[in-house]
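Please look at the sequence and the three-dimensional structure shown here.

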Amino acid sequence: KDDACDLRPIVLDGRTIAPSGHIAGVPLKPEAGMWRRTLLLFCHCEPRPDVVVLARDLDGYPRRREGMEQAALNLRWPFKIAIATAQPEVEAWVVSGFVPKDAAERERLRELREQLSFDPTAQSERLTSHPNDAGTDAKRVLSRLCGDDVERQGQCLDDRALLLRRGAGNGLSAFLAEIDQQIVPALSQPQ
């Protein structure tokens, strides 16, 4: 905790990084300072991680990703970084992978399509993250589709090709690409 509140500049690979102000000469974007401090903390961990995943629900504020990218991409870090930004929230990723397995599930999805005037599995980015009692709330929609069955929710994440197809608008496709580009190569390297 003390490290997160330390306002002294930090030296990383011989470069001084001030904890506030600018990154690469550009004023901080929303939340960039928070993510830079988070990544700096990982620099001081022993053992240092090979990969760091920054995850955040966008909650309808796409600029949140800009701050993550500014901190992650414009400074040199001693580990690979993958960014996971769910629009509006991570439950939308699960909804996007839902495929009905029986007549009851088909009927629940049909009812939701009718009530929402769109298919939440094909356009989960149109769901909301608040208020939680709204018919479009991602948590409510997921609960309507899968109940509280965690195993059933997990099955919605099994079909990678489907998730890539349906995940363009909700951020999942971008995260899966980052897994392929950042995480898999970092974890495949011999130690």
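Leaving aside its neighbours within four places in sequence, which residues is Arg152 in contact with? In this predicted model, Arg152 is in contact with Phe98, Val99, Pro100, Lys101, Glu105 and Cys146. Arg152 belongs to helix H7, which covers residues 150-155. Because its relative accessibility is 7%, Arg152 counts as buried. A polar atom of the Arg152 side chain lies 2.8 Å from the backbone oxygen of Val99. Arg152 can also be compared with Val94: the two are 58 residues apart along the chain, and their C-alpha atoms are separated by 10.0 Å.

Apart from neighbours within four places in sequence, the contacts of Ser96 are Thr121, Ser124, Leu162, Leu163, Arg166, Asn170 and Leu172. With one of these, Asn170, Ser96 makes a polar contact from side chain to side chain, at 3.5 Å.

The cysteines remain to be discussed. A disulfide is a covalent bond between the sulfur atoms of two cysteines. The structure holds zero disulfides. Cys43 is buried because its relative accessible area is 5%. For Cys156, the closest cysteine sulfur is in Cys146, and the 3.9 Å between the two sulfurs is also too far for a bond, since a disulfide requires sulfur atoms within 2.5 Å. Cys156 has a relative accessible area of 1% and is therefore buried.

Terms used. Residues are numbered from 1 along each chain as its sequence is written. This is a predicted model: local features need pLDDT of at least 70, side-chain atom pairs count only at pLDDT 80 or more; totals for chains, interfaces and linings use all residues. Side-chain values use heavy atoms; hydrogens and water are left out. A polar contact is a pair of N or O atoms within 3.5 Å; within protein, one must be able to donate a hydrogen and the other to accept it, and residues adjacent in sequence count only if both atoms are side-chain atoms. Contact means heavy atoms within 4.5 Å. Helices (H or I, at least four residues) and strands (E, at least two) are DSSP runs, numbered from the N terminus. Buried means under 20% relative accessible area, exposed over 50%, partly exposed in between (1.4 Å probe, protein chains only).
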